[in-house]
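Me: Could you walk me through how to read a model like this one?
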Amino acid sequence: MTALLAASLVLPAPLAGAALAQQAAPEALVDLVNPLMGTDSEFALSYGNTYPAVAVPWGMNFWTPVTGKMGNGWGYTYDAYKISGIKQTHQPSPWMNDYAAFELMAVTGPLRIKQEERASWYSHKAEESRPYKYKVYLADHDVTAEVVPTSRAAQFRFTFPESDDAHIVLDAYNEGSMVTIDPKKRRITGYARNNSGGVPDNFHNYFVLQFDRPFTVTRTWDENWQLHDALKSEGAHVGAVVSFKTKKGEQVGVKVASSFISPEQAVRNLESEVGKDSFAQTEAKARAEWEKELSRIRVTDPDIDNRRTFYSALYRMLLFPRPLHEITAAGKTVHYSPYDGKVHEGYLYTDNGFWDTWRAVFPFFALMYPEFDSKVMQGLVNTYKQSGWLPEWASPGHRNVMIGSNSAIIIADTYLNGVRGFDVETLYEAMVKNATTSEGRPTDDRGRVLTAVGREGVEYYNRLGYVPYNVGINESAARTLEYATADFALSRLAAALGKTEDAKKYAAQAQNYRKLYDAESGWMRGRNQDGSWATPFNPLKWGDAFTEGNSLHYSWSVMQDVQGLINLMGGDKAFVDRLDSIFTTPPLFDDSYYGQTIHEIREMQIVNMGQYAHGNQPIQHMIYLYDWAGAPWKAQYHARNIMEKLYSSAPDGYPGDEDNGQTSAWYVFSALGFYPVTPAVGQYAIGSPLFRQVELTMPGGKQLTIEAENNGPENVYIQSVTFNGQPHDKTWLDREALQRGGTLTFVMGPKPNKQWGTGQSAAPFSMSAPKGN
């Protein structure tokens, strides 16, 4: 039987040659991406809180199928049964919700326009989700719907059955919308104004839809869901319907584009980004864009599941921040400002929460994408000039979410890691303003100050060295710790710019973390204005003095001075024991501050890792702190254990909110074998590389090869490291050295080598004891 089977598989010479050529072709990395990773989520429990974003890298618009109700942040959830359409979305997370959305849906038979009535049953078995394409069979209408993207435009293709009543419904959504049908041009134009805040009064998303065939019937509906033959409708919530007679298998194409600037610019975006391209051509271009970016990091490893997870995470990292700028007919880059409502020249980016992304996303951009990073910084200059403040959570304008002064960290880290081409002096001025005053901050539409912009409590912080617990400012200890890290970044940038006195001042303030360390409990703790400790103190209490975490999570937020924290905690052994205790302490919690068990708490509780809450940002760097305390093998163990247990490319593949690429960036960096703990120093703490070989194309085209000899699921421990043939016994890597390229070789084994990386000068940078760095 074996011989007969082998004989039957012998191919003619031409076919055999083609088969061998196909085998030798590089793997298409984009086909490893699963955009459904993280979509099996809900309010009570997040496995990512993502949606399948059909987009190009850093596109202005994304497109996604809709399974939830209009206005629900959970627009697509994996366990839903029905799809009501495919919408243009700008949502960075369900907690921020969407803006400028509108939705297209194909319907057959009696016309149904309300979302819940037009929705169709579908199955994941008849769904194709790619970064560059989404395709789904709408069973109730016997229609296959497809969409492929550009940055500011897209193409739809609807394959209909034989029908005298085939319809395409455009829902322009609530909060103010308009539609106009032009049968002669086979076009629908209009606008959508829906938003979740952070917009001026003149905010509009202008759209144009160009159909490839004439309409049989045209109708619009008003805000009372009444259909009319009128070609225009405007009101609180309106839409349009165009109808056709179709044969079985007949396809209707729609080219769509939008603009935040004007209806004319929307047409310009359509012409420049789609033009006369066919659906297949737009699809091929989008696919090629993804392949180009993903190919900057080429993994060689037999574990396809890990490769799928890696590239799915990398895809998420390359979605945000979103550009708001557009290109005029004269070729100028301009943007509508969500800060002052005017059109300005230059770049502008949005949809990013710096509380999340300063930790690993922006360090990745500085390492791999300095030109892109420079454009983002230019956009921050424009934000400051237009609003008087740096953004902390923009979507699309200032939003009152999260804490900290993390824009300072991102700016300093970008500049100190060699990125140029932006007005750093203006950004430094903005950073100092944040660190000096809370007066004059932006307000919301009700006139309330946006406390997330600037530094809430900065006057207390500058006078006392901490934000007091008892002065009506929530999450005061977390604010203090984050301001201290921002001050460190400020001090590094000041020194680089020759501002010596400022550098000294902010370096001193970077030590303010010490004011919250309670030697009796061994944890960070809230402190009252008179210097007394806030009581009662429960280190397992979430929120209160901390942000989406407890004292056990935030006590490690001293990235700028890990050695100083080690000294406070009693030296290396005591520090390592305390790190270990995070994993061995049962996942008990006090949720009384929130009045409910928030999803971040539940995600910590259920994964059997004690108090380690990897699903949220404050503690994600913690495992790498072993590198400072002479126990790097423990960082190696935990890095691999977390990658293995908490991540996969499945719909439940994240351990908590994905958060604009940050939870993905932790995985991407960790899989490469290192992670950026301390900002603005250009160093990466070493963990445990996941793959046998990785080829990275660094800026300027230099090649960096990362090899991990003997690597495998059991061989998680580093035995030795060489870089360009030279022994490397430090637990950190240098950014400039990596960007110059070469070969970084890890030799892996099943047992810890407790001699590697434990010398006196092996640890990464720390303010208190640089240890030779």
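This is a predicted model: local features need pLDDT of at least 70, side-chain atom pairs count only at pLDDT 80 or more; totals for chains, interfaces and linings use all residues.

Me: What radius of gyration does the chain have, next to a compact globule?
Reply: The radius is taken over C-alpha atoms, and the globule rule is 2.2 Å times the number of residues to the power 0.38. For 773 residues that rule gives a value near 28 Å, and the chain agrees with 27 Å. Its C-alpha atoms fill a box of roughly 80 × 80 × 50 Å along the principal axes.

Me: How many helices and strands are there?
Reply: DSSP runs, numbered from the N terminus, count as helices (H or I, at least four residues) or strands (E, at least two). The chain has 21 helices and 36 strands.

Me: What share of the residues is buried?
Reply: Buried means under 20% relative accessible area (1.4 Å probe, protein chains only). Here 62% of the 773 residues qualify.

Me: Why is helix α10 described as largely enclosed?
Reply: Because 10 of its 11 residues (406-416) are buried. Among them are Ile-409, Ile-410, Ile-411 and Asp-413. The buried residues pack against α7, α8, α9, α11 and α13, with contact meaning heavy atoms within 4.5 Å. After α10 comes Gly-418, with a positive phi near 90°.

Technical notes
Residues are numbered from 1 along each chain as its sequence is written. Side-chain values use heavy atoms; hydrogens and water are left out. Buried means under 20% relative accessible area, exposed over 50%, partly exposed in between (1.4 Å probe, protein chains only).
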